[in-house]
Amino acid sequence: MTCVNDMLYPDTGRAVVTLLERLGVRVEFPPEQSCCGQPFLNTGYRRPTEPLVRRYAAAFRGYEHIVTPSASCAAMVREQYPRVAARAAAEGRDDGLSEAVAEVVPRTYELTEYLVDVLGVTDVGAHYPHTVTYHPTCHGLRALRLGDRPRRLLERVKGLELRELAGAEECCGFGGTFAIKNAAVSVAMGTDKARAVVATGARALCAADNSCLAHIGGILGRREAGVRPVHIAEILASTEPASFPETASSPGTAQPPGTAPSPTAGPPPAAGPEGAAR
């Protein structure tokens, strides 16, 4: 589920389960899991990251595939875990960490690459009759190199009209702790991205990371732009026509797939942890 989704956007997690089960995947949620450690590492706390790496490897031991609806978290595991383990080994603290990381890293997938590369599908049976523009997040674009996988999935969604986003590959400015340490620059970058989104005329902004959608969506919301941020999992899980509320909302107020979002939706309920596919 990832920490952001678990705490703020549980509908994304529900959408992932709905989607994968519809495709015949058995989904389980190991309760022992916790944060992947990215906030620690990004802030410079490398050694406190090590127990989280060990916890991740232990929690998902024995599963065929580990699927996360976040390019950011998947990139943390695939790119940074080997570096954390190598540094621990160099400082005499390996204690099986390198072996555990080597075993778990190849089984970790971002949702869209799992659908396309492992399940071999691009048409997931989704129906989403709205105009949509897609923002490729930095970790998905540059770290995981997702390429056109998300677009291929969106292009097969019935009723969906995909509109091109100018400067799509430019960072939205979120960058986790970057948005805190460099707030003014972050807001300026997000404003540029929001302006490009509005120019498409799309009613929905789609991405593979809710953290980026929260950043851009916050700017769109304050400007009352009428554009709804929606995680790609929620689009792919939708199978019935849904109507938008009169005003744009954050991903956290989205309703379960296949239902019409309500303008008066209350706070999202709590959600479970990240999922593992068998």
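This is a predicted model: local features need pLDDT of at least 70, side-chain atom pairs count only at pLDDT 80 or more; totals for chains, interfaces and linings use all residues.
Q: What share of the 278 residues counts as buried?
A: In the protein taken as a whole, 50% of the 278 residues are buried.

Q: How many helices and strands does the protein have?
A: Helices (H or I, at least four residues) and strands (E, at least two) are DSSP runs, numbered from the N terminus. The protein has 13 helices and 8 strands.

Q: Which residue forms a salt bridge with R93?
A: Side chains of opposite charge can pair when their charged atoms come close. The criterion is a side-chain nitrogen of Lys or Arg within 4 Å of a carboxyl oxygen of Asp or Glu. R93 pairs in this way with E91, the closest N and O atoms being 2.6 Å apart. R93 counts as buried at 19% relative accessibility, whereas E91, as said above, is partly exposed. Salt bridges with shared partners join R46, E50, R87, E91 and R93 into one network.

Q: How many salt bridges does a search of the whole structure find, and where do D11 and R14 lie?
A: The search finds 16 salt bridges, and D11 and R14 both lie in helix α2 (residues 10-22), 3 residues apart, or about one turn of the helix. The side chains of D11 and R14 meet in a salt bridge at 2.6 Å, N to O. D11 is buried, with 7% relative accessibility, while R14 is partly exposed, with a relative accessible area of 30%.

Q: Which parts does the pair of R78 and E113 tie together?
A: The side chains of R78 and E113 meet in a salt bridge at 2.6 Å, N to O. R78 lies in helix α5 (residues 71-90) and E113 in helix α7 (residues 111-118), so the pair ties together parts that are 35 residues apart in sequence. R78 is partly exposed at 26% relative accessible area, and E113 is buried at 4% relative accessibility.

Q: What does L153 touch, residues up to four places away in sequence not being counted?
A: Contact means heavy atoms within 4.5 Å. L153, which lies in helix α9 (residues 149-155), touches T112, L115, V116, V121, T122, V124 and L236. L153 is buried, with a relative accessible area of 0%, and from V116 it is 37 residues away in sequence but 8.1 Å away in space, C-alpha to C-alpha. Across the protein, residues 24 or more positions apart account for 77% of the contacts with a separation of 6 or more.

Q: At what angle do the axes of helices α11 and α12 cross?
A: Axes are lines fitted to C-alpha atoms, for helices over the stretch in contact, and angles run from 0 to 180 degrees between N-to-C directions. The axes of helix α11 (residues 183-200) and helix α12 (residues 210-222) come within 9 Å and cross at roughly 70°. That makes α11 roughly perpendicular to α12, a word kept for 65 to 115 degrees, with angles under 35 being roughly parallel, over 145 roughly antiparallel and the rest oblique. From α11, S186, V187, G190, T191, K193, A194, V197 and V198 meet H215, I216, I219 and L220 in α12.

How values were computed. Residues are numbered from 1 along each chain as its sequence is written. Side-chain values use heavy atoms; hydrogens and water are left out. Buried means under 20% relative accessible area, exposed over 50%, partly exposed in between (1.4 Å probe, protein chains only).
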